[in-house]
Amino acid sequence: MEAELLKTLTGRARLAHERLLHDSGLDAEGDAPMDVFLLLWDGDILAATGARRGNVLQRIAVDPRYQGQDVTAAVLTKLKQDAFTQGIRKLFLYTKPQNRAVFESLFFYPVSATRHVALMEDERNGVQKFLSALPAPCTSGVIGAAVMNCNPFTLGHRHLIAQATRECDWVYVFILSEEQGLFPAADRLLLARAGTADLKNVSVHPSGPYQISAATFPAYFLADKSAKADIHCQLDLQVFLEYYVPAFHISRRYVGTEPLSPLTMAYNQAMAAFLPPRGVAVCEIPRKEMSHAPISASSVRALLGQNRTADLAKLVPPTTLQYLLDRNLV
């Protein structure tokens, strides 16, 4: 068989790929563009296919005539080799829940699943290992949590966290680890820690690849932020409920009201429907405003490079402002 790696699909390759996915009951029309496609040909017959976007393997399908011939293993091997050349060392995989056993035999391990999709990773108990390495100084009483991007950390983020600390014995803040925004994940984490250093009952941790990531909630990182009837966030919330809640004894999740992003608004609504029946209250905090407009990281980014230090100082804490000045971003 001949393996073909392609950045885009056209002509015969696209038709064969989409037909095989359709026959396998998989979606060929997803919103997210793929980084690479793998097609395994037996002459003119597409025996198997797969794709990768970032660190997530998906769209893996095998022609029934070739099942039982190790072609799934061949697809995974080629995709993993290509990911390794791109510096990707940890991989996730989407599959249908009923196919989980096939990929477990190929050394992918279950993370979580909904009725429609199972998420797996190439490390046994990876999520448990990640969370067990994060300090948990308080696991009793009322424990709150917030998951934030902080691109960068603003007075709006500070306002929500401070409110949560007044209502909880301890608050765990998880800063997105995905490298998708203007500010590096390591810097966003440091800014959140610096901006909350005076709050005594807060721990600020990286989210890891398990919360609002390309693996758990890919729609968050698409250019089109419009809300859809199904925003496919249940998997992300399921992971939070299965792992983060018991690891830190979380009983409340805090979010800010969202007047600006339809996608985030829909996510908050899904969260409010999903978590409370399962024992986690969702606490929505009104957004802090400046000049009758909600403070947002996007408004901060819009001011960068405009020499408007006084305006920025109204939107971010001194620690974030100093960071921006030090890097000549103002």
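This is a predicted model: local features need pLDDT of at least 70, side-chain atom pairs count only at pLDDT 80 or more; totals for chains, interfaces and linings use all residues.
Visitor: Where should I begin with helix packing, and at what angle do the axes of helix 7 and helix 8 cross?

Guide: One starts from the two axes. Those of helix 7 (residues 234–248) and helix 8 (residues 262–274) come within 10 Å and cross at roughly 45°, which makes helix 7 oblique to helix 8. The crossing in which helix 7 passes helix 8 is right-handed.

Visitor: Which residues of helix 7 and helix 8 meet?

Guide: On the side of helix 7 they are Gln234, Asp236, Leu237, Gln238 and Leu241, and these meet Tyr267, Ala270, Met271 and Phe274 in helix 8.

Visitor: How should I read a nonpolar core, and which residues have the most contacts inside the largest one?

Guide: The general idea is that nonpolar side chains tend to be buried together in soluble globular proteins. In this model the largest nonpolar core has 39 residues, and Phe174, Tyr244 and Ile250 are those with the most contacts inside it. Strand 5 (92–95), helix 4 (126–132), strand 8 (143–148), strand 9 (170–175), helix 7 and helix 8 are the elements that give two or more residues to this core, and helix 7 gives the most, with 9 residues.

Visitor: What does isoleucine 250 touch, if residues up to four places away in sequence are not counted?

Guide: With that exclusion, isoleucine 250 touches Ile143, Ala145, Phe174, Phe240, Tyr244, Val245 and Val280. There is also a second, separate core of 33 residues, which includes Ala146, Val202, Val300 and Val316.

Visitor: Turning to helix 6, which of its residues are buried, and what covers them?

Guide: Within helix 6 (residues 185–195), the buried residues are Ala185, Asp187, Arg188, Leu189, Leu191, Ala192 and Gly195. Their cover includes helix 5 (155–167), strand 9, strand 10 (202–206) and helix 11 (318–326).

Visitor: At what angle do helix 6 and helix 11 pack?

Guide: The angle is about 140°, and the axes are 8 Å apart. Since roughly antiparallel would require an angle over 145 degrees, helix 6 and helix 11 are therefore oblique to each other. Asp187, Leu191, Ala194 and Gly195 in helix 6 meet Thr319, Thr320 and Tyr323 in helix 11, and the residues of this contact divide into 3 nonpolar, 3 polar and 1 charged.

Visitor: What is the relative accessible area of lysine 80, and what does lysine 80 touch?

Guide: Lysine 80 also lies in helix 2, but its relative accessible area is 32%, so lysine 80 is partly exposed. Residues up to four places away aside, lysine 80 touches Leu57, Leu91 and Phe108.

Visitor: Where does arginine 124 lie?

Guide: Arginine 124 is in the loop between strand 7 (118–121) and helix 4. Beyond its neighbours within four places in sequence, arginine 124 is in contact with Tyr109 and Lys129.

Notes. Residues are numbered from 1 along each chain as its sequence is written. Side-chain values use heavy atoms; hydrogens and water are left out. Axes are lines fitted to C-alpha atoms, for helices over the stretch in contact, and angles run from 0 to 180 degrees between N-to-C directions. Helices (H or I, at least four residues) and strands (E, at least two) are DSSP runs, numbered from the N terminus. Angles under 35 degrees count as roughly parallel, over 145 as roughly antiparallel, 65 to 115 as roughly perpendicular and the rest as oblique. A crossing is left-handed if the near helix is turned anticlockwise from the far one by less than a right angle, and right-handed if clockwise. Contact means heavy atoms within 4.5 Å. A nonpolar core is a set of buried Ala, Val, Leu, Ile, Met, Phe, Trp, Tyr and Cys residues joined through side-chain atoms within 4.5 Å. Buried means under 20% relative accessible area, exposed over 50%, partly exposed in between (1.4 Å probe, protein chains only). Ala, Val, Leu, Ile, Met, Phe, Trp, Tyr, Cys and Pro count as nonpolar, Asp, Glu, Lys and Arg as charged, and the others, Gly among them, as polar.
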